[in-house]
Amino acid sequence: MSSPDKLPILDRDAYLSRLQECLEPMLRVRAMYSSLVNGIVTDPELMTVPVFDHAIVRGHAVFDTATVSCGRIYRMSAHLDRLLSGAERSRIPLPYGEKVSSNKDLMVSVVAQTVVAAGLRQGKIRMYLSAGPGNFGITPKGCTSAFYVAVYDSDAAIMTDGGVHEVTVDVPMKPEILATTKSNNYMLNVLTKMASEDKGGSFGVLVDPAGNVAESCVMNAVFVTPDRRLVTPTFDGILAGTTVLKLLSLAEELVGNLLSAISQEVVPARDAHSSVEMFFVAGDDHIVPVLSWDGQTIGAGKIGLVTKRLGELLHKEVTLGTGDHLALTYPGDP
């Protein structure tokens, strides 16, 4: 877009018209809730966050995601617990009073109603807790904390069909508070993926200064060792992935057959390169097989039996499981 010699001062209608045209080719967000107005909108051009919200001004916000599958929200409680824990570490005031349990109950209701308003039975949810709008200052003083929810169709950001070829990247590790909190400060995550793509990879593998595997850009790394152990790094200095924890529990049924044991432990990169299978996991239901790493073939260079079976178990858990799902009622349902 070329810049005109003199910029127009737009009225409300002209601004919304231009914004609608701009948003047309982008990801379709089906519904958004904002605690600032305590309501839901379904018009994309009305899905706004104030420019002086501290999520933008200082990155002072935390977020989490959840999955809508077959008209049910998967693992709502686990994702909200991590969101609220991150808000506490980040010293973000809660939007619905000081009591954590009351905030969680209200958030469950808000998220459920936003999903129903979106009309999606399959999709994704983004939840943000922000220090909120108020000024361009440094601390939350003078701001109104905010809870935002966006519901959208699943996108292909970390979906792959046949596996990826991966590389170790030279991007600094986050300091612990940012590494273990799902904050809005994801610059190093973005740079990790970009650095990997620059070298012919897809998502990147981070290795800590001690030479141990940390994580990928937005996913946990999992390996099958030559002696058939399923191993993933401990959460020291990385995000505690809800999906990898669920996967480790699902993998128990493979022990004695495809696996000899399951472990969360320090994983030296030099040993991990000799794995017979490797994959990344995140987003409730995403498994990304890694076929080679730093030019070295992983196993037979194809998707392994453990990776395939765990993918099937994870998909079954998300779509058909009964223990961790919030059923929704849509207009017209019996």
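Student: Is serine 196 buried or exposed, and at what relative accessibility?

Tutor: Serine 196 counts as buried because its relative accessibility is 0%. The cut-offs are these: buried means under 20% relative accessible area, exposed over 50%, and partly exposed in between, with a 1.4 Å probe and protein chains only. Before we go on, this is a predicted model, in which local features need pLDDT of at least 70, side-chain atom pairs count only at pLDDT 80 or more, and totals for chains, interfaces and linings use all residues. Residues are numbered from 1 along each chain as its sequence is written, and side-chain values use heavy atoms, with hydrogens and water left out.

Student: Where does serine 196 sit, and which residues does serine 196 touch?

Tutor: Helix H6, residues 187-198, holds serine 196. Helices (H or I, at least four residues) and strands (E, at least two) are DSSP runs, numbered from the N terminus. For contact, look for heavy atoms within 4.5 Å. Leaving aside residues up to four places away in sequence, serine 196 touches Glu166, Val167, Val169, Gly201, Ser202, Phe203 and Gly204. A polar atom of the serine 196 side chain also lies 3.0 Å from the backbone nitrogen of serine 202.

Student: How should I read salt bridges, and how many are there?

Tutor: The rule asks for a side-chain nitrogen of Lys or Arg within 4 Å of a carboxyl oxygen of Asp or Glu. By this rule the count is 13 salt bridges. One of them joins arginine 82 to aspartate 64, with the closest N and O atoms 2.7 Å apart. Arginine 82 lies in helix H3 (residues 76-89) and aspartate 64 in strand S3 (residues 61-69), so this pair ties together parts that are 18 residues apart in sequence. Both arginine 82 and aspartate 64 are buried.

Student: What does aspartate 81 pair with?

Tutor: Aspartate 81 forms a salt bridge with lysine 104, and the closest N and O atoms are 2.7 Å apart. Aspartate 81 is in helix H3 and lysine 104 in helix H4 (residues 100-118), so the pair ties together parts 23 residues apart in sequence. Aspartate 81 is partly exposed at 40% relative accessibility, while lysine 104 is buried at 18%.

Student: Which residue meets arginine 309 in a salt bridge?

Tutor: That is glutamate 253, at 3.5 Å from N to O. The pair links distant parts of the chain, 56 residues apart: arginine 309 is in helix H9 (residues 305-320), and glutamate 253 is in the loop between helix H7 (242-250) and strand S10 (261-264). Arginine 309 is partly exposed, with a relative accessible area of 30%, and glutamate 253 is exposed, with 53%. Elsewhere, a network of salt bridges links Asp227, Arg229 and Glu265.

Student: How can I check the span of H4?

Tutor: The expected span is 1.5 Å times one less than the number of residues. H4 has 19 residues and should span 27 Å, which agrees with its end C-alpha atoms being 27 Å apart. Among the buried residues of H4 are Met107, Val110, Val111 and Thr114. An α-helix has 3.6 residues a turn, so residues three or four places apart point the same way. Glycine 119 follows H4 and has a positive phi, near 75°.

Student: Which ring does arginine 121 lie over?

Tutor: A charge sits over a ring if NZ of Lys or CZ of Arg is within 6 Å of the ring centre and within 35 degrees of the ring normal. Here arginine 121 lies over the face of tyrosine 330, 4.1 Å from the ring centre.

How values were computed. Polar contact = N/O pair within 3.5 Å; in protein donor to acceptor, adjacent residues only side chain to side chain.
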